Amino acid sequence: SLVGSEMCIRDSNGTTFTVSTATTDTQSDLTDGYISIATPSFGSFLLGHHSGAAHYKYDEEVPQAYEQISDITGTVTQNKVGDFMDNNHVTYTSPTFDMMGASITFDLGYATVANDAETGDGGTPGLSHTYGGGEEAGVTIKYDALQLGVYGAQRENKTQVAAGLHKSQDEFNGVWYAKYSMGPVSVGYSEFYMDAGVSGTAEATTAAKVLRTAAGIQEGHQIGIAFNVNDNLSISYTESEETYNAQAGVGVTVADVDQKIDAIQVAYSMGGMSVKAYQMDVTNPSFDEDAADSKVTEIALGLAF
């Protein structure tokens, strides 16, 4: 479990300064820490490590009644888009401004150590022999009931592929989404692309793929629809399909592998009681055609006194 602390100060001009840390209560390891500076008219700045940067605003933005499907299973690549942008990072979020009736917000970020590694108690992220710095940029556009988002991130890849040589291709991640609300119904669609810049022999269709070590490209989409039956009950359906493209090279043929996920979710609340549940089916988990399909069911009961 985590133990957190936060201190917030607001000056006379309306600028808010927030300092936050979180540690594990078993080993007192520092898991994340950040400083946030929010100004009334110039946007906000987030500085720290393991504190999220901007990618979480874009990666799985389709409607759900309970959880993103990456919270259900760890094999969802779309959730990993840009997640390396959170060590020694500075993220800027612009004020929201209007243009032709639409509300627009920008996110820009830079990380000196784009390796997504947790830091020990009292420490700071060290240099990586595998990855260098990273950059990210995103834009969110809202127009009436429609919301659009586009995000991209890249980082320097220093992976050694032969003695004295280093990989010149950097990693690039990208995602876009569109959501629309019509009364009690919300629908959404999202696509992602991930090229880790890894060279080597393409992996077979019957081998489990480890994110960012497989020599190929992963891309796919999510579709979500959620329905608020009434003030207490909501349901949703999410479909995810991701493809591993081996990028085997000239004269080598390796078939693509699809990983498919279907999830049905229900959330009900009344007073201080809530019941949330999902059922999920996964086909070809970890992009392995030999892996057994899986089904996961969860029911969570919450009581507030």
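Me: Is alanine 291 buried, partly exposed or exposed?
Reply: Alanine 291 counts as partly exposed, at 23% relative accessibility. Buried means under 20% relative accessible area, exposed over 50%, and partly exposed in between, with a 1.4 Å probe and protein chains only. This is a predicted model, where local features need pLDDT of at least 70, side-chain atom pairs count only at pLDDT 80 or more, and totals for chains, interfaces and linings use all residues. Residues are numbered from 1 along each chain as its sequence is written, and side-chain values use heavy atoms, with hydrogens and water left out.

Me: Where is alanine 291?
Reply: Alanine 291 lies in the loop between E17 and E18. Strands (E, at least two residues) and helices (H or I, at least four) are DSSP runs, numbered from the N terminus.

Me: What separates the C-alpha atoms of alanine 291 and alanine 207?
Reply: A gap of 8.6 Å, although the two are 84 residues apart along the chain.

Me: New topic. Which residues make the nonpolar surface patch?
Reply: Met270, Met273, Val275, Ile299, Leu301, Leu303 and Phe305 make a patch of about 820 Å². Patch residues have over 30% relative accessible area and no salt bridge; like charges are joined within 9 Å, and nonpolar side chains (Val, Leu, Ile, Met, Phe, Trp, Tyr) within 5 Å. A salt bridge is a side-chain nitrogen of Lys or Arg within 4 Å of a carboxyl oxygen of Asp or Glu. Accessible areas come from the Shrake-Rupley method with a 1.4 Å probe, and for residues only the protein chains shown count as cover.

Me: Which strand gives the largest share of that patch?
Reply: E18, with three residues. Strand E17 (273-283) and strand E18 (294-303) each supply at least two.

Me: And where is methionine 270?
Reply: In strand E16, residues 257-270. Methionine 270 is partly exposed, with a relative accessible area of 48%.

Me: What about arginine 212, buried or exposed?
Reply: Arginine 212 is buried, with a relative accessible area of 12%. Its phi is also positive, about 70 degrees. Arginine 212 is in the loop between strand E13 (185-195) and strand E14 (217-228).
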